[in-house]
Amino acid sequence: MLEIYKDLSWLPEIPKDLSDSFSDLMKTADIELISKISQYKLNDSQAKRMHDRFLEINESPKSKKNKDEIKLLILSSNTFDFIISKLFVSALRNGFLLDISLLPFGNIVSLLSQQIENNELKEFDYVLLSLDYKGLNIVDDFDDNGKDIFTNAINEINSIKNLVNDQLNATLIVQSIVKSTESIFGNLEIHLTATRNKIIHEINRELLQITLDSNILFFDIEETANKVGLLNWLDPRMYYWAKLPFSSNYSGIYSSKLINLIISDRGLSKKLLVLDLDNTLWGGVIGDDGLDGIKASIGDPKGESFLNFQEYCKRLQSRGIILAVCSKNSPENAVLPFRENLDMVLKEDDFAVIKANWSNKADNIREIASELNLGLDSIVFIDDNPTERNLVREFLPEVSVPEVPVDISYYPEIISAAGYFESIRFSKDDVRRAEDYSVNKKRVALKTGSTDISEYLSSLEMQAEMSEVSVSNLTRPVQLILKTNQFNLSNKRRTEKEIEKLINDPRFTIFQFRLQDKFADNGIVSVVIIERKEDTIFLDTWVMSCRVFGRTLEFYVFNEILKLAKELEIKKIFAEHRRSDKNNLVLDALKSLNFKRIDKNKDLSLWEFNPVNCLEVPFHIDATSLD
Amino acid sequence: MKHNEEKLYKILSEVFEIDISEINHQTSQEETNSWDSLNTVRMIVAIENIFSIRLDIDDISIINKVSDIVELLRSNGIEI
């Protein structure tokens with residue numbers, strides 16, 4: 001249990017043959033092979049060798065890189081050399097190449113401004129500010145009640161923040177400060193007066209506030225250090241010996257947490273949790289043991305540990321993670337405990353899809369993904385059976401399949417430690433999303449009852465509302481732009497910071513669309529960014545949530561744009577489609593809307609629409625002001 | 001005992017990226033290019049984890065060749 005953070009126990013062990021031939025394998029120039037090996041648990045030396053190998057390959061001019069690259073600058077007053085290879089491996093595990101730069105030792109503010117002045121720094125996507133109480137000089141202060149120390153620390157962090165924001169144009173990640181284990185009072189240490197730990201506590205609260213009010217990311221390493229236990233986390237020997245900021249046993253979890261945060265900022269966190277049933281949600285096999293034989297009841301220790309895992313899944317669902325079942329069972333047996341056992345925390349309605357049959361789980365998961373219009377790379381699959389886990393890993397490498405311990409009690413810990421569902425923002429729409437997937441089952445039922453599609457669409461009684469995105473309501477639109485893979489016209493992934501810039505740029509206007517029907521309010525499900533260039537409109541971005549595919553919303557949205565274009569006496573509307581392996585259906589929409597293609601490029605095609613034309617496709621949505 | 005020596009050599013070979021056959025008790029920091037201060041820390045961490053021991057800051061400073069490590073392991077009750 002306590003080793004979860006030290007070993008990253010959710011990663012599969014490296015197979016013996018790969019481990020034995022590791023040195024030989026690291027002679028390859030094949031980044032895909034290196035990337036495949038990065039999925040396993042690796043020790044420090046292996047991680048270092050992998051990173052070194054990549055740096056060698058990278059120098060070769062012929063190197064082929066078909067992976068996204070993220071450039072990270074680390075600002076720290078400690079030794080980071082032990083952490084960078086783990087950071088690289090963590091990023092690679094998530095499909096990114098991480099290019100890491102370190103600032104040399106010294107005063108961060110003066111070094112940074114000096115390097116900026118001399119143009120020595122390249123462009124970065126992220127800048128990590130990793131400080132500790134020693135670097136910030138946080139000491140006890142009984143005379144002044146810690147005011148000066150607090151102000152100095154916050155000022156220093158603010159100066160760095162301003163440099164990064166104004167000069168580097170990168171997203172800043174600020175790490176919380178880890179407390180010290182050395183106490184001089186004991187019980188009253190963080191309550192009584194301005195002790196070191198009390199001042200650290202205040203600074204962390206202020207840091208959180210600063211980050212929430214801006215587009216800075218808050219990296220709460222203190223939380224992780226506390227979970228591990230400060231006595232384990234800190235290693236004073238290694239600090240004095242080599243200026244290691246924390247025990248190198250934890251460089252893996254540090255890296256994993258940091259990469260999760262970056263992944264989340266890019267909208268690539270997981271969305272769907274697929275669960276096995278027998279021995280995963282309850283103890284025993286429902287088909288063999290029957291309702292009375294399975295363990296999922298209060299009063300039974302094992303049963304309660306399964307119920308605890310159910311409660312954890314339910315909590316995830318309540319914050320917007322979609323749940324589904326994939327089990328080898330007859331459909332009747334699979335739902336029996338949900339219906340008959342009143343102690344069960346999870347109910348049938350909590351799942352967007354229940355697949356219970358005897359075909360292989362890889363096929364079932366593929367079907368679940370397609371029914372929910374979600375990508376395989378947004379799925380986490382939990383199964384107690386190692387054979388099933390390996391099968392899914394083998395056939396669906398995009399799906400995340402954590403190793404789980406034999407004891408179910410630790411399942412929630414494994415999922416939270418792995419950080420699949422990391423999220424940098426949270427809005428009411430997130431909650432609505434998970435509910436909506438469950439309601440979708442009712443829509444499907446209605447659809448099966450209607451013979452005519454337009455009759456069905458009309459019976460949904462859909463209403464939509466268009467509004468302009470402003471700085472105060474950009475969380476959901478940004479999230480949608482980052483997360484949408486299928487209905488995504490230009491595949492421009494814009495961060496919150498970039499969207500803010502566009503809002504303040506008079507050439508750009510950003511619209512969001514909210515859709516409601518008789519079953520539920522779907523919330524904001526489409527975003528369009530238009531750029532005005534003289535008497536033309538350029539569709540810079542157009543995304544639509546996969547939850548509302550097939551409801552004619554795209555036609556409604558375009559009709560609103562068209563109305564605007566007519567008002568502004570626009571001569572041409574342009575759309576540029578950047579092909580990915582997932583966004584072909586935007587092309588279908590453009591064709592249905594009667595856009596004409598005006599170039600012949602394969603991956604980047606330009607389309608135009610003349611606003612004197614009318615919309616020829618019908619939609620079944622009324623415009624209403626919903627609020 | 002042989003087993004523990006193998007474990008130690010495997011660590012050294014991984015950390016210093018040298019072939020196991022090149023390692024013996026006389027292998028020293030001076031003659032091994034990759035044996036720098038960063039790799040010393042990596043080696044210490046690996047030894048502590050593999051042998052489940054904890055070395056003192058004084059112990060770390062006296063390590064100069066493989067025989068020093070063997071002595072340290074013995075004084076920590078490891079048969080090698």
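This is a predicted model: local features need pLDDT of at least 70, side-chain atom pairs count only at pLDDT 80 or more; totals for chains, interfaces and linings use all residues.
Local features need pLDDT of at least 70 and side-chain atom pairs count only at pLDDT 80 or more, while totals for chains, interfaces and linings use all residues; side-chain values use heavy atoms, with hydrogens and water left out. Residues are numbered from 1 along each chain as its sequence is written, and chains are lettered from A in the order in which they are written.

**Nonpolar cores**

- The largest nonpolar core has 88 residues, and A:W10, A:M50, A:W233 and A:L273 touch the most other members.
- A nonpolar core here is a set of buried Ala, Val, Leu, Ile, Met, Phe, Trp, Tyr and Cys residues joined through side-chain atoms within 4.5 Å; buried means under 20% relative accessible area, exposed over 50%, and partly exposed in between (1.4 Å probe, protein chains only).
- A second, separate core of 64 residues includes A:L396, A:V548, A:F549 and A:F609.
- Beyond its neighbours within four places in sequence, A:W233 has contacts (heavy atoms within 4.5 Å) that include A:V178, A:I221, A:F246, A:Y250 and A:Y254.

**A buried serine: A:S255**

- You will find A:S255 in helix α13 (residues 251-265) of chain A; helices (H or I, at least four residues) are DSSP runs, numbered from the N terminus.
- A:S255 is buried, and its relative accessible area is 0%.
- With neighbours within four places in sequence set aside, A:S255 is in contact with A:I83, A:K86, A:L87 and A:S90.
- The side chain of A:S255 reaches the backbone nitrogen of A:L87 at 3.3 Å.

**An exposed glutamate: A:E13**

- A:E13 sits in the loop between α1 (4-7) and α2 (16-20) of chain A, and it is exposed at a relative accessible area of 55%.
- The side chains of A:E13 and A:K41 are joined by a polar contact of 2.9 Å.
- A polar contact is a pair of N or O atoms within 3.5 Å; within protein, one must be able to donate a hydrogen and the other to accept it, and residues adjacent in sequence count only if both atoms are side-chain atoms.

**Where chain B meets chain A**

- The contact draws 17 residues from chain B and 19 residues from chain A.
- About 1,700 Å² is buried between chain B and chain A, with carbon and sulfur atoms giving 55% of it; buried area is the accessible area (1.4 Å probe) that two parts lose on being put together, summed over both.
- Four salt bridges are counted between the two chains, each a side-chain nitrogen of Lys or Arg within 4 Å of a carboxyl oxygen of Asp or Glu.
- A:K48 and B:E17 meet through their side chains in a salt bridge (3.8 Å, N to O).
- On the side of chain B that touches chain A, the elements giving two or more residues are α1 (2-16), α2 (37-51) and α3 (57-62) of chain B.
- Of these, α2(B) gives the most, with eight residues.

**Helix α4 of chain B**

- Helix α4 (residues 66-75) of chain B is largely enclosed by the rest of the structure, because seven of its ten residues are buried.
- Those buried residues are B:V66, B:S67, B:D68, B:I69, B:V70, B:L72 and B:L73.
- The buried residues of α4(B) pack against α1, α2 and α3 of chain B.
- Just after α4(B), B:G77 takes a positive phi of about 85°.
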